[in-house]
Amino acid sequence: MAVKPKAKKPINALVLGGGAPNFTLMTGALLALEEKGFHFDVVTGAGGGGAVALSYLAPKGVSRIVALKSTMNLGVSDAIYKVLPVNYKVFQKGGKLSAAFRNFRSKMPGYSRIMNQTGMSNNQKFVSDLIQAWWALTTPTLSMMPWSKGLCANDSFVTEIVDFDKLKTIDEAVYLNTYSITNHKMVVISKDEINETTFGASGAFPFIYPPAEVLGNCYIEGATQEAFNFAGLLRYMKDTGNKIDNLVILNAFGNEQYLQKPKSLWTAYGQSIIAPLIALDKANLTIFHDKLRFWNETQDENARMNVLCLDFPIPPDWAPTALDWSRSNLERLFYLGYEEAKTFLKKEQGTLGFEYSDDAEARMA
């Protein structure tokens, strides 16, 4: 009896768009996929999606599962957030003086114990957050001046959780985008080109972060121009000669429910940043689909790509605080993303070439 040849495993790509306060929607979804043993062949990121990609693929000193769960610890304890509604863990003061102070502080006895919240009780996390708030407030800076080019250090928190050397050794291909304001063009960088400086360039959102200078050129966040990194997919196919079969888009940011009546002048300022970004995200997703449609229409049948979009329905009663950096919000978004991704993987397992199992162990088909 002839043995039926095993079907070729499809090449699957993950597309991570922009987004910041809702990034735990994406990390929760990735945890569900990681626990089931499903991995992508190529990952593209833009803006906040780039930070999600690197913290997932190349975590520093911990497993991917631990790293993904730890993203909830970037939220601020609710009791503190009510008084100080700023994420001082993510947005840190910029400049060489502040960086030197943080480096000095990291050498202090007990620093790691305070920063590592894995396994802490809620009360211990509150104390840890309180200490970190004090550190943030007392960090000296010379960069918050009228002549400064940005308020914060370029994604300095990412350098504490991402191992850029490990990134070079992982199986997945990785592509981020950034926009050159020197040459006024998009630039795609691969995992071999990603380091602390180039990653800072990929996430340098104007006013919040200063433009990043790389080899004499200035760069800002790629998601300000293209929130979904289609060019990274084309770069992958050019670099490897492989054809991508499926694109999985985590659409975490294009949700108009995030726009709510502001509670204060501070939240109104946040709305002034978020409102155009949501519109940009929605428009860019349409453009992404248009580019994909054009690609498929101009390629033969074997070269066409299939797109699967994972949306995250935010319950209406969550909407007023869905973009808060509070710990409770980041946790509930995380578990929403987790459950949505499990349902998605079970539904699309055949297309993705994966055998879904409710057991702890799943395997590639």
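This is a short tour of one structure, stop by stop, with something to select at each one. Keep in mind that you are looking at a predicted model.

**Stop 1: the inside**

Start by selecting Leu54, Ile194 and Leu250. They are the residues with the most contacts inside the largest nonpolar core, which has 71 residues. Now colour helix 13, residues 327-352: this helix gives the core its largest share, nine residues. Apart from this core lies another one, of 21 residues, and you can find it by selecting Ala227, Ile244, Phe288 and Trp295, which are among its members. Here is a bit of background: nonpolar side chains tend to be buried together in soluble globular proteins.

Stay with isoleucine 194 for a moment. Which residues does isoleucine 194 contact, leaving aside its neighbours within four places in sequence? Show Leu54, Phe164, Leu167, Lys168, Val174, Leu176, Ile189 and Phe199, and you have the list.

**Stop 2: helix 2**

Leu54 also takes us to our next helix, because it is one of the buried residues of helix 2. Select residues 48-57. How many of the residues of helix 2 are buried? The count is 10 of the 10, so helix 2 is largely enclosed by the rest of the structure. Click along the helix and you'll pass Gly48, Gly49 and Gly50, then go on through others including Ala51, Val52 and Tyr56, which are buried too.

**Stop 3: glutamine 117**

Next, go to the loop between helix 6 (111-115) and helix 7 (122-138), where you'll find glutamine 117. Is glutamine 117 buried or exposed? Its relative accessible area is 2%, under the 20% cut-off, so glutamine 117 counts as buried.

The side chain of glutamine 117 makes a polar contact with the side chain of arginine 327, at 2.9 Å. Not counting residues up to four places away in sequence, glutamine 117 also touches Asn73, Lys89, Lys125, Ser128, Asp129 and Gln132.

**Stop 4: arginine 235 and its partners**

The structure holds 11 salt bridges, and our next residue takes part in some of them. Select arginine 235, which sits in helix 11 (residues 230-240). With a relative accessible area of 23%, arginine 235 is partly exposed.

The side chains of arginine 235 and glutamate 193 meet in a salt bridge (3.4 Å, N to O). Why does this pair tie together separate parts of the chain? Arginine 235 lies in helix 11, while glutamate 193 is in the loop between strand 4 (185-190) and helix 10 (196-202), so the bridge links parts that are 42 residues apart in sequence. Glutamate 193 is partly exposed, at 36% relative accessible area.

Aspartate 239 is partly exposed, with a relative accessible area of 43%.

Before you leave, try the distance tool on arginine 235 and valine 188. They are 47 residues apart in sequence, and their C-alpha atoms are 7.8 Å apart in space. Valine 188 is one of the residues that arginine 235 touches, and others include Tyr175, Ile189 and Ser190.

**Stop 5: asparagine 251**

Move to strand 7, the place of asparagine 251. This residue counts as buried, at 12% relative accessibility. Which side chain makes a polar contact with the side chain of asparagine 251? Show aspartate 311: the contact is 3.0 Å. Asparagine 251 also touches Phe228, Asp281 and Leu285, among others.

**Stop 6**

Zoom in on leucine 151, in the loop between helix 7 and helix 8 (156-161). Leucine 151 counts as partly exposed, at 31% relative accessibility.

Methods:
Residues numbered from 1 in each chain as written. Predicted model: local features only at pLDDT ≥ 70, side-chain atom pairs only at ≥ 80, totals over all residues. Heavy atoms only, no water. Helix = DSSP H or I, 4+ residues; strand = E, 2+ residues; numbered from the N terminus. Buried < 20%, exposed > 50% of the residue type's maximum accessible area, 1.4 Å probe, protein only. Polar contact = N/O pair within 3.5 Å; in protein donor to acceptor, adjacent residues only side chain to side chain. Contact = heavy atoms within 4.5 Å. Core = buried A, V, L, I, M, F, W, Y, C linked by side-chain atoms within 4.5 Å. Salt bridge = Lys/Arg side-chain N within 4 Å of Asp/Glu carboxyl O.
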